[in-house]
Amino acid sequence: MDGNNRWSKKNSQSKIKSYSKGAQKLLTISKKIFDNYNVEYISAFALSNNNLNRSKSLIDILKKILKNSLDDEQSILKLNFQIIFLGDLIFLGKDLNKKIIKIQNINRSKKQKLIIFLNYSGRKDINLFYTKNINSSFFNLKLINKHLLTKNIPDPEILIRTGGHQRISDFMLYQIAFTELFFLKKLWPDISFTNVTKIINNYKLINRKFGL
């Protein structure tokens with residue numbers, strides 16, 4: 001979800017309007033994907049661990065947008081999917097974390113899940129596993145998967161990065177070994193469902209060999 005800050009400058013809009021537009025775009029795009037494709041999981045990298053080094057004013061804006069979104073329970077109840085948050089959420093404070101727990105219980109029975117990563121680091125996720133198992137004499141893939149934040153989520157098949165940068169930026173470093181990567185120059189608030197549809201159609205044409 002890269003490009004919200006640049007979108008605000010490019011369109012002479014406030015950061016709160018830009019990030020609010022980006023947050024709404026995530027829900028809109030996710031709903032359309034779930035409605036039109038046999039997809040059970042969508043993951044969104046909303047805030048990386050490194051992003052916390054940005055200005056306090058910007059982090060406060062992000063917290064405010066998150067609070068407003070979490071307060072709108074009626075809109076969330078109307079969604080056809082569950083929202084789950086992953087990452088180190090301590091920085092949000094007790095009140096926001098209580099709201100997150102409440103929101104995650106809404107639509108809990110839904111098969112389709114939107115996973116929102118906040119203050120997440122692929123490196124730290126792997127390092128946490130290593131720290132917990134440093135004295136273990138036996139490592140295997142099942143053991144690693146069991147200790148990652150994404151332990152109950154299948155590895156992604158498609159990764160779409162907006163904003164023009166062609167890098168992973170510390171997202172799911174272990175899980176994307178065989179993920180198909182797509183990069184768009186469009187800034188996140190400008191992405192459309194048509195863009196996503198085109199990528200999914202291109203993905204369907206790929207002969208995925210998984211190293212074979």
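Me: Which residues of strand E4 (residues 158-161) form its covered face, and which the uncovered one?
Reply: Strands (E, at least two residues) are DSSP runs, numbered from the N terminus. In E4, Leu-159 and Arg-161 make up the covered face, while Ile-158 and Ile-160 make up the uncovered one. This is a predicted model, where local features need pLDDT of at least 70, side-chain atom pairs count only at pLDDT 80 or more, and totals for chains, interfaces and linings use all residues. Residues are numbered from 1 along each chain as its sequence is written, and side-chain values use heavy atoms, without hydrogens and water.

Me: How many bridges join E4 to strand E5 (residues 180-183)?
Reply: Two strands pair if DSSP finds at least two bridges between them. Here 4 bridges link E4 with E5, and the two strands run parallel. Leu-159, on the covered face of E4, has Leu-181 of E5 as its bridge partner.

Me: Is Ile-83 buried or exposed?
Reply: Buried means under 20% relative accessible area, exposed over 50%, and partly exposed in between (1.4 Å probe, protein chains only). Ile-83 counts as buried because its relative accessible area is 6%. Its place is in strand E2 (residues 82-86).

Me: Which residues is Ile-83 in contact with, leaving aside its neighbours within four places in sequence?
Reply: Contact means heavy atoms within 4.5 Å. With those neighbours left aside, Ile-83 touches Leu-27, Ile-76, Ile-103, Gln-104, Leu-114 and Ile-116.

Me: What separates the C-alpha atoms of Ile-83 and Leu-27?
Reply: A distance of 9.7 Å separates the C-alpha atoms of Ile-83 and Leu-27, although the two residues are 56 residues apart along the chain.
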